[in-house]
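Hi everyone, thanks for coming.

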Amino acid sequence: MSKHRIELRAAPHQHSGHSVPTIMRNVVYSMLPICGFSVWQYGLSALALLLTVTATCLATERLLNRNANTLGDWSAAITGILLGLTLPPAFPLWMAIVAGFVAIAIGKAMFGGLGHNPFNPALVGRAFVQAAFPVAITTWVPAFSANRFSEFVPTTFTAPLMMPPDIVGWVKQQGVDAFTGATPLARWKFENVTASAHDLLTGAVTASAGETSALLILACGAYLAIRKFMDWRIPVAVLGSAALTAWAFQMVDPTHYPTPLFVLLSGGLMIGAIYMATDMATSPVTPVGVWIYGGIIGVMTVIIRYFGGLTEGVMYAILLGNALTPLIDRYTQPRVYGTGKDKP
Amino acid sequence: MRLPFFNRTPTFDHGIHPVYHKETGHLPVRRFPFAPKLYVSLEQHIGKPAIAVVSVGQEVLRGELIAKPDGLFSLPIHAPATGIIEALEPMPSDNGEMEMCIVIRVYEADTQEVQVRYPHDLENLSGRELALVMQEVGVAGKGGATFPTHAKLIPPNGCTIDTIIVNGAECEPFLTCDHRVMVERAQDIMEGIKYARRVCGAPRAIIGVEDNKMDAVAALEAALPADGSVSVKVVETKYPQGAAETLITALLGREVPAGKRSSSIGVVMNNVMTLAYMGRLLPLGEGMTERIVTIAGPSVERPGNYIVPLGTPLRFLLEYVGARSSATEVILGGPMMGTTIPSVDVPITKGVCGVLAFGKKDATPPHIYPCIHCGECVNACPKKLNPTQMGLLAAKREYDVMAEQFMLGECFECGCCSYVCPSHIPLVQQFRVAKYFLKNREKVT
C-alpha cells in the first residue's frame, strides 16, 4: 500500500455516469430517424440541406472556439441538425449556410458558448433567415416526387446572394397531384381546409424537412424521455396547453377554429415541443417553472397561429419562452425543506 | 410528488438511486485481529476532546478508562486492548489534521477479554441520571456524525420528545454494517431503545429500514417488545434516506424547521448500531472498545463486515483484508459522503462505518463542462435547494448571496447534486468551501 500514491478527493466519490456529451449524443441519435424520414421524403435536396447546415454549425463552433475544442460536447451538432429539420427541404444552400452561421455565432458563441445562450441557437438561426428570406422559407416542394433521388430541386443550388428561381414550373413537371404549395396551417388559415389527422401523423403533408411526421417525432421524443435525456414535463406542458387553448377556441366557434388534434399535429409544434422547448440551457430548472414555461409556449403558439400574420407560431412562442426563463426561474424557487407555512 | 391514492412505500421527495453494491450484506460479521499497536484518538466524537488519564509506560487492561470526558458534551475513552501505553503522540486523522492519540502496544499473548467494567444499578435511576451513566459507556453516534449519544437523548429545555426514530436506512452504497447489526443483534437494539426511551421520555420508537433489507426487517420484527411501543417501518430504497431530515419526513410526514434540531418537532434520531452498542454495553457497564465496520470496495480482496478494535490503523486493516496494489483512494465512510484519507496511518475511530478502497480505474478527473441548466440537481436535492443557482454563484465567490438568498446553510452535503451533474461540476464541493469560508469569517470578525 504505502508504495503507492493515495488520491485525495472530496465526496461524493460516485457519479451517475451521465455527462454532457452522453446526453447530447443521444439527442443526436434520436434525431437520426427523423432525418432519415426527411431524406426519404424529399430526396437529395433534403440530404444536402441537412449536411450543409450541420457542417456549417460545426465549422462555426470550431472557428469561434479556437482555444478549446468544444465539438466534443456534440451541442453544435444538435443545433445544426435541428436547424436543418426546421427549414424547407428545397431551401437554397447558401441561405442555409447563413442560417447555420448565425445560429452558432450570434445564437450561442456570442453569449459564451454552451450553457450561456439565452435563446435556442437553432431558432435564432431560423428567425434570422425567416426575416431575411421570407419567400425562400415559405417555398415548399412536394414530397415523394419521382426523381427525388436523382435530381436536386432547382432552388437548392441557387447562386450565393441570389434569390432562388421560381419552381412552379418544375413542380408541375413532377406530376404530383393536388400539390398546392401550402402547409396545412396555411391552408387552414387562408382556405379554411384542415388536413386529416392520418396525413399529419404519417407525414403526407407539405412542411419543413423534419416537421412532417408527428408520429415519428413523438416516438423519438419518447426514447429520449425514457432514457432520461430530456425533461418530459416540457413537451407535456407545451402540447397540453396548446391543446387546451385550441379546445377553448373551438368551443367558442367550431366552424372557424380547427380541432385540438389538428393544432397538435400540424406545423412545427411537435418538433418544437420535443426538441426545441426542451433545450436545457434555455428552459427553467425549477419544477414549477418548467410547467409555466411549457404552458406559455403552448398558449402563445396557438395565439400566434390564430391571430398573427404568420401561419406558424411555434418558433416565436419558444423564443418568447426562452426570454422569460430567467424571470420564471426567479419567481418559482422551490420551497426549501423546513421553511414555509404549509407544513409545520 | 406523492399521490394520495397510491399506497406507496413511505419516502421523501427528490433524492437519487445510485448503484448500491451491497454485496457484503449477506456476510456474517467476523472478528478482526488486534494490530500490534493501537492508536486511540482522543477526538472520536463531536464536542470537547477527552482528557487522557494514563501515562506512558503504564499497563492498561481491556475496557479500562484511559481518557475521561471533558464536561457533559464529551465522551470517555476505554482501552481497546490489554497492553502497555507506549506514547501519547499526534497522529494523522481523516480530516487531514493531526490529532492526539494514545498509542497502546498490544500484549500478543493476552486473550484480550474485557477485564474492567463499571456496572451500575440501572433500575432506580431517573432519566437524567441514566444519561450520565450512558456517558460512561462512551457511545458516539455510529452513523458517522459521532454526536455523543447521551447528550442527544437529553431533551432540550421546553421540548417534549414524542418519538425516537431508529435509523436503519443505511442509504450509502457499499455500507452494510447497520444491515448486519439489525440481522444479528436485533435484541441489543431493542434493549438500547428501552434505555433511550427512558432518557428522553418518548412513548414510542420507530425503526426505519430501507426495503432492500427485508431480512433485517424480519429479524427486528421477531425481536419487538410485546407492549407495542416499538414498530418497524419499511421505507423506499433511495439516497439519502438515512439522513435525519429525510427519514423523519418519510416516517412521520413532518419537516424539521430550517436551522433547528429534530428535537424541536419532538423527534430524536439514533442510528441502529448506536443503540445496539448502548443496549449491549450499558447493562454490563462496559466501555466502547470496538465497532463493526464495513470494509469493501473494488480493491479489497476479502470484503465484509468486521468487529474492529478502536484505534486499529488503516495500514494494518487494509493489509489484513487484502487491499490490492491498485488501490489509490481509501474512503472512510460511504462513497457519497465519506472522506478520502491522506495517509494509511489514520486509525479507526467510533464514527467510522466503512473503509472503502477504490482502484486506478476512475483516477482521471472528468472534464468539467459549463452548466447547461438541465435542472437535474434541482430535482435531486432532498432539501429542495437550488444547486444550479448556487453553483453559478459559487463560481463567482458570491458566498453571501448563496447564504442569504439560497439558504446555503440548509445544505447537509449529501452530494446528490454532484452525483447527477452531467457537466461534472463539483457542486457540493464548492458549497462546502463556501460554508467553510463563511464560518471562518464569522470567527474572525
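Let me start with a question: which strands do the buried residues of α8(B) pack against? They pack against β13 (290-296), β14 (304-309), β15 (329-332) and β17 (354-358) of chain B.

Before I go on, a word on ground rules. This is a predicted model, where local features need pLDDT of at least 70, side-chain atom pairs count only at pLDDT 80 or more, and totals for chains, interfaces and linings use all residues. Residues are numbered from 1 along each chain as its sequence is written, chains are lettered from A and ligands numbered from 1 in the order in which they are written, and side-chain values use heavy atoms, with hydrogens and water left out.

Back to that helix. Helices (H or I, at least four residues) and strands (E, at least two) are DSSP runs, numbered from the N terminus. Buried means under 20% relative accessible area, exposed over 50%, and partly exposed in between, with a 1.4 Å probe and protein chains only. In α8 of chain B, residues 314-321, the buried ones are B:Leu314, B:Leu317, B:Leu318 and B:Val321. They sit on the same side of α8(B) because they cover an arc of only 95° around the axis, the arc being that of the directions from the helix axis to the C-beta atoms. If you like the general rule, an α-helix has 3.6 residues a turn, so residues three or four places apart point the same way.

Next, the cores. By a nonpolar core I mean a set of buried Ala, Val, Leu, Ile, Met, Phe, Trp, Tyr and Cys residues joined through side-chain atoms within 4.5 Å. The largest one has 85 residues, and among those with the most contacts inside it are A:Met31, A:Phe91 and A:Ile318. Helix α1 of chain A, residues 20-42, gives the most to this core: nine residues. A second, separate core has 74 residues, including B:Val139, B:Leu275, B:Ile292 and B:Ile331.

Contact here means heavy atoms within 4.5 Å. Beyond its neighbours within four places in sequence, A:Ile318 is in contact with A:Leu123, A:Gly272, A:Met276, A:Ala277, A:Tyr293 and A:Ile297.

Is A:Arg126 buried or exposed? A:Arg126 counts as buried, because its relative accessibility is 11%. This arginine is in helix α5 of chain A, residues 121-132, and its contacts, leaving aside neighbours within four places in sequence, are A:Leu83, A:Thr86, A:Leu87, A:Ile137, A:Ser208 and A:Met315. A:Gln41, in helix α1 of chain A, is buried with a relative accessible area of 0%. A:Asp73 is in the loop between α2 (44-64) and α3 (75-86) of chain A, and it too is buried, at 3%. Not counting residues up to four places away in sequence, A:Asp73 touches A:Val20, A:Pro21, A:Met24, A:Leu114 and, from chain B, B:Tyr369.

A cavity is a set of points, on a 1 Å grid over the protein atoms alone, where a 1.4 Å probe fits but cannot get out, and lining residues have an atom within 4 Å of a point. There are four cavities of 30 Å³ or more. The largest has a volume of about 100 Å³, and of the 16 residues that line it, the closest to its centre are B:Cys381, B:Leu385, B:Cys411, B:Cys414 and B:Cys417. Elements giving two or more residues to that lining are α10 (387-395), α12 (416-420) and α13 (427-444) of chain B. The buried residues of α10(B) include B:Pro387, B:Met390 and B:Leu393, and just after that helix B:Arg397 takes a positive phi of about 60°.

Last, some backbone details. Two peptide bonds to look at are A:Ala11 to A:Pro12, cis with omega near 0°, and B:Tyr239 to B:Pro240, cis with omega near -5°. A:Lys228 has a positive phi of about 60° although it is not a glycine, and it is exposed, at 60% relative accessible area. B:Phe174 also has a positive phi, about 75°, without being a glycine, but B:Phe174 is buried, at 6%.

How values were computed:
On a 1 Å grid over the protein atoms alone, a cavity is a set of points where a 1.4 Å probe fits but cannot get out, and a pocket is an open set with protein on both sides within 12 Å along at least five of seven lines; lining residues have an atom within 4 Å of a point. Grid points are joined across faces, edges and corners, and a volume is the space filled by probe spheres set on the points.
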